[in-house]
Amino acid sequence: MAHDDGGHVTRVLFCGPHFPASHNYTIDYLKGYPYVQVDVVPLDKVADVIENYHLCIVKNKRLDSGLIAHAKQMKLIMQYGVGLEGVDVEAATRHGIKVARIPGNVTGNSVSCAEHAIYLMLGLLRRQKEMESAVQQMLLGLPVGETLFGKTVLILGYGNIGVDLASLDKKGVLENLYQFAGDADIVAVCMALNDKTVGIVDKEFLSSMKKGAILVNVARGGLLDYEAIKSSLESGHLGGLGIDVAWTEPFDPDDPILKHPNVLITPHIAGVTEYSYRSMAKVVGDCALQLHAGTALTGIEFVN
(Lines give C-alpha, C1' and ligand atoms only; values in the text may rest on other atoms or scores of the structure.)
Protein backbone atom coordinates (compact mmCIF):
# COMPACT_ATOMS: atom_id res chain seq x y z
CA MET A 1 0.00 0.00 0.00
CA ALA A 2 2.70 2.47 1.05
CA HIS A 3 6.33 2.63 0.05
CA ASP A 4 9.50 3.94 1.63
CA ASP A 5 10.14 7.23 -0.15
CA GLY A 6 13.72 7.74 0.95
CA GLY A 7 13.60 8.84 4.57
CA HIS A 8 10.25 10.59 5.04
CA VAL A 9 8.41 9.38 8.12
CA THR A 10 4.65 9.68 8.61
CA ARG A 11 3.98 10.36 12.27
CA VAL A 12 0.85 9.24 14.10
CA LEU A 13 -0.12 10.79 17.43
CA PHE A 14 -2.28 8.96 19.97
CA CYS A 15 -3.49 11.36 22.66
CA GLY A 16 -3.11 10.06 26.19
CA PRO A 17 -2.73 6.65 27.86
CA HIS A 18 -6.38 5.64 28.10
CA PHE A 19 -7.86 2.93 25.85
CA PRO A 20 -4.37 1.35 25.54
CA ALA A 21 -5.45 -1.39 23.14
CA SER A 22 -6.06 1.33 20.53
CA HIS A 23 -2.41 2.32 20.24
CA ASN A 24 -1.01 -1.11 21.10
CA TYR A 25 -2.97 -2.82 18.33
CA THR A 26 -2.14 -0.06 15.84
CA ILE A 27 1.57 -0.33 16.65
CA ASP A 28 1.31 -4.08 16.17
CA TYR A 29 -0.44 -3.65 12.81
CA LEU A 30 2.24 -1.22 11.58
CA LYS A 31 5.31 -3.01 12.93
CA GLY A 32 6.42 -3.97 9.43
CA TYR A 33 6.43 -0.35 8.21
CA PRO A 34 9.39 1.54 9.72
CA TYR A 35 8.48 4.71 7.85
CA VAL A 36 5.29 5.09 9.92
CA GLN A 37 5.95 6.15 13.52
CA VAL A 38 3.28 5.82 16.21
CA ASP A 39 3.68 7.77 19.45
CA VAL A 40 1.55 7.85 22.60
CA VAL A 41 1.77 11.29 24.20
CA PRO A 42 0.45 12.28 27.66
CA LEU A 43 -2.64 14.48 27.46
CA ASP A 44 -0.87 17.46 29.01
CA LYS A 45 2.01 17.21 26.51
CA VAL A 46 -0.02 17.07 23.30
CA ALA A 47 0.12 20.84 22.80
CA ASP A 48 3.92 20.75 22.95
CA VAL A 49 4.34 18.23 20.15
CA ILE A 50 1.25 18.30 17.95
CA GLU A 51 3.06 20.38 15.33
CA ASN A 52 5.24 17.35 14.53
CA TYR A 53 2.44 14.97 13.52
CA HIS A 54 0.50 14.15 10.36
CA LEU A 55 -2.32 12.06 11.83
CA CYS A 56 -3.94 12.46 15.26
CA ILE A 57 -6.10 9.94 17.12
CA VAL A 58 -7.88 12.10 19.68
CA LYS A 59 -9.38 9.49 22.04
CA ASN A 60 -10.59 11.58 25.03
CA LYS A 61 -8.47 14.67 24.29
CA ARG A 62 -10.26 17.91 23.45
CA LEU A 63 -8.81 19.56 20.35
CA ASP A 64 -9.90 23.19 20.40
CA SER A 65 -9.10 25.90 17.88
CA GLY A 66 -5.96 27.00 19.72
CA LEU A 67 -4.51 23.52 19.75
CA ILE A 68 -5.45 22.83 16.16
CA ALA A 69 -3.71 26.06 15.09
CA HIS A 70 -0.40 24.51 16.17
CA ALA A 71 -0.94 21.37 14.07
CA LYS A 72 1.05 22.72 11.14
CA GLN A 73 1.70 19.35 9.47
CA MET A 74 -1.57 17.67 10.36
CA LYS A 75 -3.51 16.08 7.51
CA LEU A 76 -6.11 14.05 9.40
CA ILE A 77 -7.74 14.10 12.83
CA MET A 78 -9.77 11.02 13.62
CA GLN A 79 -11.40 9.15 16.46
CA TYR A 80 -10.72 5.55 17.34
CA GLY A 81 -14.45 5.06 17.06
CA VAL A 82 -17.20 7.54 16.29
CA GLY A 83 -17.40 10.30 18.92
CA LEU A 84 -15.96 13.61 17.70
CA GLU A 85 -17.66 16.01 20.11
CA GLY A 86 -14.26 16.99 21.52
CA VAL A 87 -12.92 18.22 18.18
CA ASP A 88 -13.46 21.75 16.87
CA VAL A 89 -14.35 20.62 13.36
CA GLU A 90 -14.79 24.19 12.06
CA ALA A 91 -11.27 25.11 13.22
CA ALA A 92 -9.84 21.99 11.59
CA THR A 93 -11.62 22.86 8.36
CA ARG A 94 -10.20 26.39 8.41
CA HIS A 95 -6.72 24.92 8.71
CA GLY A 96 -7.27 22.45 5.89
CA ILE A 97 -7.34 19.39 8.16
CA LYS A 98 -9.77 16.58 7.48
CA VAL A 99 -11.73 15.14 10.40
CA ALA A 100 -13.16 11.63 10.36
CA ARG A 101 -14.68 8.84 12.40
CA ILE A 102 -14.56 5.09 11.91
CA PRO A 103 -18.04 3.78 11.06
CA GLY A 104 -19.05 1.42 13.84
CA ASN A 105 -21.20 -0.84 11.69
CA VAL A 106 -18.24 -2.20 9.71
CA THR A 107 -15.72 -2.72 12.52
CA GLY A 108 -17.81 -4.45 15.14
CA ASN A 109 -17.76 -1.36 17.36
CA SER A 110 -21.50 -0.76 17.30
CA VAL A 111 -22.46 -4.39 17.90
CA SER A 112 -19.93 -4.53 20.75
CA CYS A 113 -21.66 -1.52 22.32
CA ALA A 114 -25.08 -3.06 21.73
CA GLU A 115 -24.04 -6.27 23.45
CA HIS A 116 -22.68 -4.27 26.37
CA ALA A 117 -25.99 -2.47 26.72
CA ILE A 118 -27.64 -5.89 27.08
CA TYR A 119 -25.00 -6.80 29.66
CA LEU A 120 -25.84 -3.72 31.74
CA MET A 121 -29.57 -4.40 31.44
CA LEU A 122 -29.11 -7.95 32.65
CA GLY A 123 -26.78 -6.86 35.45
CA LEU A 124 -29.43 -4.49 36.77
CA LEU A 125 -32.34 -6.84 36.29
CA ARG A 126 -30.51 -9.71 38.01
CA ARG A 127 -29.16 -7.38 40.75
CA GLN A 128 -25.47 -7.87 40.22
CA LYS A 129 -24.29 -5.95 43.28
CA GLU A 130 -26.63 -7.94 45.50
CA MET A 131 -25.29 -11.16 43.95
CA GLU A 132 -21.76 -10.13 44.92
CA SER A 133 -22.94 -9.41 48.46
CA ALA A 134 -24.69 -12.79 48.65
CA VAL A 135 -21.49 -14.56 47.61
CA GLN A 136 -19.56 -12.73 50.32
CA GLN A 137 -22.18 -13.72 52.91
CA MET A 138 -22.21 -17.34 51.67
CA LEU A 139 -25.92 -17.16 50.82
CA LEU A 140 -27.62 -19.24 48.15
CA GLY A 141 -30.74 -18.46 46.12
CA LEU A 142 -30.56 -14.70 46.56
CA PRO A 143 -31.30 -12.19 45.17
CA VAL A 144 -34.51 -12.73 43.23
CA GLY A 145 -33.96 -11.05 39.86
CA GLU A 146 -36.10 -10.14 36.89
CA THR A 147 -36.06 -11.31 33.29
CA LEU A 148 -35.33 -9.27 30.22
CA PHE A 149 -38.00 -11.41 28.58
CA GLY A 150 -41.25 -9.48 28.25
CA LYS A 151 -39.73 -6.06 28.93
CA THR A 152 -40.36 -2.99 26.78
CA VAL A 153 -37.14 -1.20 25.79
CA LEU A 154 -37.02 2.37 24.53
CA ILE A 155 -33.88 3.01 22.48
CA LEU A 156 -32.88 6.67 22.38
CA GLY A 157 -30.96 7.09 19.17
CA TYR A 158 -31.16 5.02 16.05
CA GLY A 159 -27.63 5.19 14.70
CA ASN A 160 -25.45 2.11 14.32
CA ILE A 161 -25.49 1.16 18.01
CA GLY A 162 -29.23 1.69 18.27
CA VAL A 163 -29.86 -0.32 15.13
CA ASP A 164 -27.71 -3.20 16.38
CA LEU A 165 -29.31 -3.08 19.82
CA ALA A 166 -32.77 -3.09 18.25
CA SER A 167 -31.86 -6.20 16.26
CA LEU A 168 -31.02 -7.89 19.56
CA ASP A 169 -33.89 -6.47 21.59
CA LYS A 170 -36.73 -5.36 19.29
CA LYS A 171 -37.27 -1.86 18.02
CA GLY A 172 -37.38 1.40 19.94
CA VAL A 173 -38.84 4.66 18.59
CA LEU A 174 -37.75 8.22 19.35
CA GLU A 175 -40.77 10.31 18.42
CA ASN A 176 -43.24 11.32 21.13
CA LEU A 177 -40.46 10.79 23.61
CA TYR A 178 -42.15 11.13 26.98
CA GLN A 179 -45.06 8.90 26.07
CA PHE A 180 -42.71 6.13 25.03
CA ALA A 181 -40.60 6.67 28.14
CA GLY A 182 -43.72 6.16 30.23
CA ASP A 183 -44.36 2.81 28.55
CA ALA A 184 -40.81 1.49 28.80
CA ASP A 185 -39.35 -0.81 31.42
CA ILE A 186 -35.85 -0.01 30.19
CA VAL A 187 -34.44 3.07 28.45
CA ALA A 188 -31.19 2.59 26.52
CA VAL A 189 -29.32 5.75 25.53
CA CYS A 190 -27.37 5.28 22.29
CA MET A 191 -27.42 8.74 20.66
CA ALA A 192 -24.68 11.18 19.68
CA LEU A 193 -23.83 14.05 22.01
CA ASN A 194 -24.30 17.51 20.50
CA ASP A 195 -25.85 20.87 21.34
CA LYS A 196 -29.36 19.48 20.84
CA THR A 197 -28.96 16.31 22.88
CA VAL A 198 -26.83 17.42 25.83
CA GLY A 199 -28.76 16.70 29.04
CA ILE A 200 -31.68 15.22 27.12
CA VAL A 201 -32.33 12.75 29.95
CA ASP A 202 -33.34 15.43 32.42
CA LYS A 203 -35.80 15.79 35.30
CA GLU A 204 -38.80 15.95 32.97
CA PHE A 205 -37.72 12.89 31.03
CA LEU A 206 -37.00 10.89 34.18
CA SER A 207 -40.36 11.91 35.66
CA SER A 208 -42.08 10.61 32.55
CA MET A 209 -40.49 7.18 33.01
CA LYS A 210 -42.50 4.64 34.97
CA LYS A 211 -41.43 4.16 38.58
CA GLY A 212 -38.86 1.40 38.87
CA ALA A 213 -37.75 1.52 35.22
CA ILE A 214 -34.05 1.23 34.54
CA LEU A 215 -31.75 3.43 32.47
CA VAL A 216 -28.68 2.34 30.52
CA ASN A 217 -26.18 4.67 28.81
CA VAL A 218 -23.53 3.39 26.39
CA ALA A 219 -23.16 6.64 24.43
CA ARG A 220 -21.86 9.78 26.19
CA GLY A 221 -22.17 10.88 29.81
CA GLY A 222 -23.31 14.39 28.92
CA LEU A 223 -26.61 13.05 27.59
CA LEU A 224 -27.72 12.55 31.19
CA ASP A 225 -28.38 15.42 33.59
CA TYR A 226 -26.31 14.50 36.63
CA GLU A 227 -28.44 16.23 39.28
CA ALA A 228 -31.64 14.84 37.83
CA ILE A 229 -30.21 11.31 37.84
CA LYS A 230 -28.93 11.67 41.40
CA SER A 231 -32.30 12.96 42.61
CA SER A 232 -34.26 10.22 40.82
CA LEU A 233 -32.06 7.51 42.35
CA GLU A 234 -32.39 9.00 45.82
CA SER A 235 -36.16 9.21 45.57
CA GLY A 236 -36.42 5.62 44.35
CA HIS A 237 -38.21 6.60 41.15
CA LEU A 238 -35.37 5.37 38.95
CA GLY A 239 -35.13 1.65 39.44
CA GLY A 240 -31.57 1.23 38.25
CA LEU A 241 -28.75 2.93 36.36
CA GLY A 242 -26.17 1.20 34.18
CA ILE A 243 -23.52 3.45 32.64
CA ASP A 244 -20.44 2.75 30.57
CA VAL A 245 -19.80 6.48 30.14
CA ALA A 246 -19.81 9.24 32.76
CA TRP A 247 -20.04 12.99 33.14
CA THR A 248 -16.28 13.24 33.70
CA GLU A 249 -13.85 10.51 32.76
CA PRO A 250 -12.21 8.76 34.46
CA PHE A 251 -15.17 8.98 36.85
CA ASP A 252 -14.68 9.58 40.57
CA PRO A 253 -15.07 6.15 42.26
CA ASP A 254 -16.28 7.93 45.40
CA ASP A 255 -19.10 9.76 43.63
CA PRO A 256 -22.35 9.40 45.64
CA ILE A 257 -24.22 8.02 42.66
CA LEU A 258 -22.07 4.90 42.77
CA LYS A 259 -23.07 4.17 46.38
CA HIS A 260 -26.52 3.03 45.31
CA PRO A 261 -26.93 -0.77 45.12
CA ASN A 262 -28.88 -0.44 41.87
CA VAL A 263 -26.12 1.40 39.98
CA LEU A 264 -23.57 -0.34 37.76
CA ILE A 265 -20.65 1.39 36.05
CA THR A 266 -18.08 0.05 33.62
CA PRO A 267 -14.93 1.93 32.52
CA HIS A 268 -15.94 3.01 28.99
CA ILE A 269 -15.36 -0.43 27.53
CA ALA A 270 -18.61 -1.07 25.65
CA GLY A 271 -16.80 -0.89 22.30
CA VAL A 272 -13.53 -2.34 23.58
CA THR A 273 -13.50 -5.88 22.25
CA GLU A 274 -10.78 -7.84 20.53
CA TYR A 275 -12.78 -7.89 17.31
CA SER A 276 -13.65 -4.18 17.18
CA TYR A 277 -10.26 -2.88 18.31
CA ARG A 278 -8.28 -5.07 15.91
CA SER A 279 -10.62 -3.94 13.11
CA MET A 280 -10.19 -0.27 13.98
CA ALA A 281 -6.41 -0.66 14.32
CA LYS A 282 -6.38 -1.84 10.72
CA VAL A 283 -8.39 1.19 9.62
CA VAL A 284 -6.02 3.60 11.44
CA GLY A 285 -2.96 1.77 10.17
CA ASP A 286 -4.24 1.78 6.59
CA CYS A 287 -4.97 5.52 6.83
CA ALA A 288 -1.40 6.14 8.00
CA LEU A 289 -0.04 4.10 5.10
CA GLN A 290 -2.34 5.89 2.65
CA LEU A 291 -1.22 9.28 3.97
CA HIS A 292 2.37 8.23 3.53
CA ALA A 293 1.74 7.10 -0.04
CA GLY A 294 -0.43 10.09 -0.91
CA THR A 295 -3.36 7.90 -1.93
CA ALA A 296 -7.06 8.19 -1.11
CA LEU A 297 -8.09 7.53 2.48
CA THR A 298 -10.48 4.61 2.91
CA GLY A 299 -12.49 2.99 5.68
CA ILE A 300 -13.41 6.27 7.40
CA GLU A 301 -16.29 8.71 7.35
CA PHE A 302 -15.37 12.38 6.92
CA VAL A 303 -17.34 15.03 8.79
CA ASN A 304 -15.87 18.02 6.95
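Analyst: Buried means under 20% relative accessible area, exposed over 50%, and partly exposed in between (1.4 Å probe, protein chains only). Helices (H or I, at least four residues) and strands (E, at least two) are DSSP runs, numbered from the N terminus. The model is predicted, so local features need pLDDT of at least 70 and side-chain atom pairs count only at pLDDT 80 or more, while totals for chains, interfaces and linings use all residues. Residues are numbered from 1 along each chain as its sequence is written, and side-chain values use heavy atoms, with hydrogens and water left out.

User: Which residues of helix α10 are buried?

Analyst: Helix α10 spans residues 226-235. On the other side of α10, Glu227, Glu234 and Ser235 are exposed. The buried residues are Tyr226, Ala228, Ile229, Ser232 and Leu233. They lie on the same side of α10 because they cover an arc of only 165° around the axis (taken from the directions from the helix axis to the C-beta atoms).

User: Which elements do the buried residues of α10 pack against?

Analyst: Contact means heavy atoms within 4.5 Å. The buried residues of α10 pack against α9 (203-208), β8 (214-217), β9 (240-243) and β10 (263-265).

User: Is serine 112 buried or exposed?

Analyst: Serine 112 is in helix α5 (residues 109-125). Not counting residues up to four places away in sequence, serine 112 touches Ala270, Gly271, Thr273 and Ser276. Because its relative accessibility is 7%, serine 112 counts as buried.
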